[in-house]
Amino acid sequence: MNNDENLFYNFIINTIANKNIIEETEIDNTINQLKGLPMFSCLDENDILNVKNKIVSQMDIRLREGALIEDTKHEKWFLTRKSELSMAYWNRYRQYLLLDKQFQPQVVNTMDDILDKLTDLLGDPTKSKLSRKGLVLGDVQSGKTANYTGLICKAADAGYKVIVLLTGTIENLRKQTQMRLDEGFVGQDSAALSKKIISNRIGSGKYDPSIYPMVLTSTIDDFKTKGSANMNFNLRTVNEPVLFVVKKNVTVLKRLNAWLRTFNINSDNKIDTSILVVDDEADNASVNTNPEDKDSTAINNQITDLIDVFNKSSYVGFTATPYANIFIDPDTNDDMEKEDLFPKDYIYALNAPDNYIGARDIFGEEGIHKSMCIQFNQEEEEELERLIPLKHKNGFYIKSLPTSMKEAIGAFLVANAIRDIRCDIKAHRSMLINVSRFNNVQKQVYDEVNLFVKDIKSSLNVNSKLDIKQARMDKNIRFLEDMYNKYYEDTGVTWNKVLSILKKSITPIELVMVNQKSEKGLDYDMYPDGMRVIAIGGLSLSRGLTLEGLMSSYFYRNSRMYDTLMQMGRWFGYRKNYEDLCKIWMSSTSYEWYKHISEATDDLRHDIVRYQDSDLTPLDFGLRVRSDINTLLVTARNKMRTAGTEVCTISLSEECIETTDLFIDQEITTKNLQSVERLKEKINHISKDRIYKQGNAVVFKDIDKKLIVDLLEEIQIPISNEKLDPEVLIDLIQNYRGTELNSWDIVFASGSHDKDMYKVSEDYSIKLRERSFSFIDSNNSIVRVGGSKRRLGNIGDGAYGLDIEVKNIESKIREDKYRNRLSLRQNDYFKYRYILKERNPQLIIYNIILTKNKDEKDSNSSDTNNIRGVGFGIGIPKLLDQETKYAKYTINKVAQTLKSEYDIGDDE
């Protein structure tokens with residue numbers, strides 16, 4: 001819309017903004033009342049229709065209030081006092097959301113109601129004593145910043161004096177957050193204020209210049225005291241609220257704590273005024289990760305010091321990945337007066353507006369945007385592993401770009417032209433490439449991508465104006481046409497039209513490296529006509545940073561933690577008018593991980609909804625997170641110091657699990673091998689017609705489940721095999737009420753090691769299987785086999801025990817899958833075979849020779865190369881009995897305590 005249309009839009013929105021339900025007839029009436037005003041005489045019918053269509057398109061966007069668990073003894077206070085307050089900070093921020101950010105009025109009205117509840121939960125700052133702690137859950141890239149900015153505004157209106165916003169650990173993210181607070185809360189440019197320059201009002205400040213908080217940080221500097229002569233003052237002498245936007249850095253936090261104590265502490269070593277601490281990305285750096293018998297981590301200690309020194313304090317964490325926060329021990333305290341950050345008083349789960357595209361929309365079974373995700377096929381992933389492997393070191397050298405990355409870049413270039421054709425010309429457009437955490441490797445990717453894009457730009461400069469047949473003689477133009485045909489042929493825009501505008505569309509595209517060493521960051525505000533950028537980075541692209549207008553994402557990283565993976569998903573968010581252009585390239589393994597994490601997060605939200613009317617607080621019930629996928633961790637192990645496990649009714653049906661982590665200790669290995677020998681002796685006594693060779697493996701058919709249980713009771717495996725827990729499997733096998741687990745196939749898998757043979761029976765022997773390994777613990781007692789993919793077996797091992805007919809059907813399914821570009825995981829092979837035909841569960845025994853990875857550092861043990869080991873794989877068929885399916889949950893300390901009390905009650 002042009003400036004006149006925007007002004008007309010703002011007048012209409014101001015007129016109807018206070019109504020929760022807006023009918024189209026009301027929009028028509030308002031338009032008819034306003035269009036006759038002289039100031040709008042320049043608008044023709046098409047202009048007016050554009051404005052109406054924009055407002056009508058927003059009418060279907062809804063925001064529902066979220067779920068709340070709170071202390072029922074909490075005394076409500078805010079709504080009672082609200083009528084006495086000016087609410088000046090909130091009112092101008094509301095105008096800013098409606099008119100500058102063009103939030104839908106009904107969404108802003110619901111936000112208003114939600115923030116009233118959250119402000120009440122903060123606690124009354126006029127009381128003599130106050131200590132509140134809570135947690136707000138949102139979705140990744142869903143607008144948490146808008147919510148906590150609104151909460152800060154209402155807290156300032158309610159009387160909170162000191163407001164500290166804790167950002168992440170990266171300065172780029174802190175600066176971005178400061179800029180948003182400048183617009184939403186301060187109303188002025190903090191950089192200008194820090195230099196004592198009178199600046200124009202910005203953002204919300206344009207709607208009420210009479211109020212302004214004191215801000216002691218800026219987009220230039222984090223909190224500092226040196227060189228600031230005006231810093232020697234007491235907070236009691238300031239009338240307006242005082243804002244600090246600081247990153248979670250020990251030095252900065254120590255500096256802030258020292259300044260507060262120096263100028264504001266009373267005779268009781270306390271500060272009498274009130275403080276609100278808003279912890280953005282509260283699961284990152286804030287949580288104490290030290291063992292329980294040691295002092296808390298430095299950042300955690302500084303945050304708790306900051307809260308503890310005030311007589312009136314309220315702490316609220318905001319995060320989309322709350323796994324680390326719910327595993328904080330609520331009983332932990334460094335001394336009797338100082339508590340940790342467990343959300344003891346409330347947890348609020350925000351809902352995102354209807355137009356938000358989140359994990360469940362992309363990775364859910366019925367996700368409406370599943371087509372966004374493009375999984376690498378086997379050939380592409382093999383090429384990626386050659387050129388930029390998942391596991392690489394800082395000195396890794398990149399020879400060339402993977403074909404799949406070139407395709408992703410080409411698709412982004414084409415998508416830019418389509419957006420221009422759709423008249424989205426001044427909108428920001430971004431692409432992210434996240435394939436390494438190392439700055440050196442990112443720089444190499446940057447250089448290679450830069451050469452690739454420049455070559456394409458050069459081709460378009462020379463040949464894009466030729467007729468379409470001649471233009472296609474250019475290999476780069478032919479490549480872009482192929483990308484159009486492959487990804488965007490059904491967008492309603494012809495290739496002729498795309499080609500006619502491609503040169504103009506992609507000429508402004510620039511590359512930016514986003515990391516702590518890069519001189520140029522992502523500053524979208526410097527581009528009023530829209531920034532077009534390919535952002536290449538790692539850690540800085542993995543949490544908190546917003547990529548405006550993100551259309552293409554190329555992601556190949558190996559993190560296995562729920563929270564880290566979800567935060568890497570910068571592609572979640574709002575994509576109005578271009579959601580059909582958005583594409584995400586990732587491996588099939590990553591796709592399955594995101595799918596699982598999405599389900600686990602929804603389960604956690606469901607628990608919060610379930611408890612919201614129970615009169616229980618977070619201290620009264622247990623929180624749990626599903627942890628039933630083999631290669632994923634809920635969060636970093638040091639954040640789960642007090643976590644436990646609980647058997648719940650989540651099925652292992654149709655799953656394949658392996659012991660990819662093994663003890664290197666010779667005594668344990670010998671005992672495991674002896675257990676396998678005992679099993680072998682027992683099954684060799686069965687009739688000969690149930691033993692046969694299949695390929696190079698030896699298969700024993702229809703073995704009684706008792707022998708499987710006997711083996712599982714004897715073997716020792718590291719607990720880092722998160723899913724293959726012998727106790728849980730024994731419980732499942734013994735207590736499952738169906739018949740599917742009664743008879744098993746036992747397979748002795750073969751390998752290619754020529755020196756040693758393993759005798760399985762009188763008639764059959766197998767070769768040992770070679771597997772490389774790397775140490776995963778500081779004592780060099782546990783090794784991980786199979787490299788970055790953590791695979792002990794081969795992808796075809798699930799075929800053992802199946803007849804030829806079923807294998808042929810499997811081959812057809814596999815062929816169809818690859819035709820559809822959906823490369824199969826190892827688990828999928830097991831799953832499809834189990835679905836095709838009822839079959840026995842499977843125990844695979846891997847007699848292996850361990851060989852050290854070539855890049856593994858020398859250990860203290862010189863004899864850890866080429867040694868014997870034994871590993872196990874379990875395949876579970878489709879289980880039909882719904883009441884006796886089991887899997888693991890990871891639960892917090894409260895849940896452990898309650899479970900223990902419940903079990904004691906049963907015993908009594």
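Guide: Let us begin with Leu7, which is found in helix 1, spanning residues 3-16. Leu7 counts as partly exposed because its relative accessibility is 37%. Together with Phe11, Leu37 and Met39, Leu7 forms a nonpolar patch on the surface, and the accessible area of these residues together is about 310 Å². The model examined here is a predicted one.

The next element to consider is helix 2, which covers residues 24-34. Within helix 2, the residues Glu26, Ile27, Thr30, Ile31 and Leu34 are buried. They lie on the same side of helix 2, because the arc they cover around the axis is only 135 degrees. The face turned away from this buried side carries the exposed residues Thr25 and Gln33.

In general, side chains of opposite charge can pair when their charged atoms come close.

A further salt bridge joins Asp455 and Lys475, at 3.5 Å from N to O. Asp455 belongs to helix 16 (residues 439-463) and Lys475 to helix 18 (residues 475-488), so this pair ties together parts that are 20 residues apart in sequence. Asp455 counts as partly exposed, since its relative accessibility is 35%, while Lys475 counts as exposed because its value is 52%. Salt bridges that share partners also join Lys82, Asp112, Asp116 and Lys154 into one network.

Now to the wider setting. The chain contains 27 helices and 29 strands, and buried residues make up 59% of its 908 residues. The chain exposes about 38700 Å², of which carbon and sulfur atoms supply 47%.

Finally, a word on confidence. The average pLDDT of the chain is 80, and 78% of the residues score at least 70. Confidence is highest in strand 3 (residues 162-166), at 97, and lowest in helix 27 (residues 893-907), at a mean of 39. Over residues 893-908 the pLDDT is below 50, and this stretch has 23 contacts in the model beyond near neighbours in sequence. Where pLDDT is low, the predicted coordinates should not be read in detail.

Terms used:
Residues numbered from 1 in each chain as written. Heavy atoms only, no water. Buried < 20%, exposed > 50% of the residue type's maximum accessible area, 1.4 Å probe, protein only. Helix = DSSP H or I, 4+ residues; strand = E, 2+ residues; numbered from the N terminus. Arc of directions from axis to C-beta. pLDDT = per-residue confidence, 0-100. Contact = heavy atoms within 4.5 Å. Patch = residues over 30% accessible without salt bridge, like charges linked within 9 Å, V, L, I, M, F, W, Y side chains within 5 Å. Areas by Shrake-Rupley, 256 points an atom, 1.4 Å probe, with all protein chains shown as cover. Salt bridge = Lys/Arg side-chain N within 4 Å of Asp/Glu carboxyl O.
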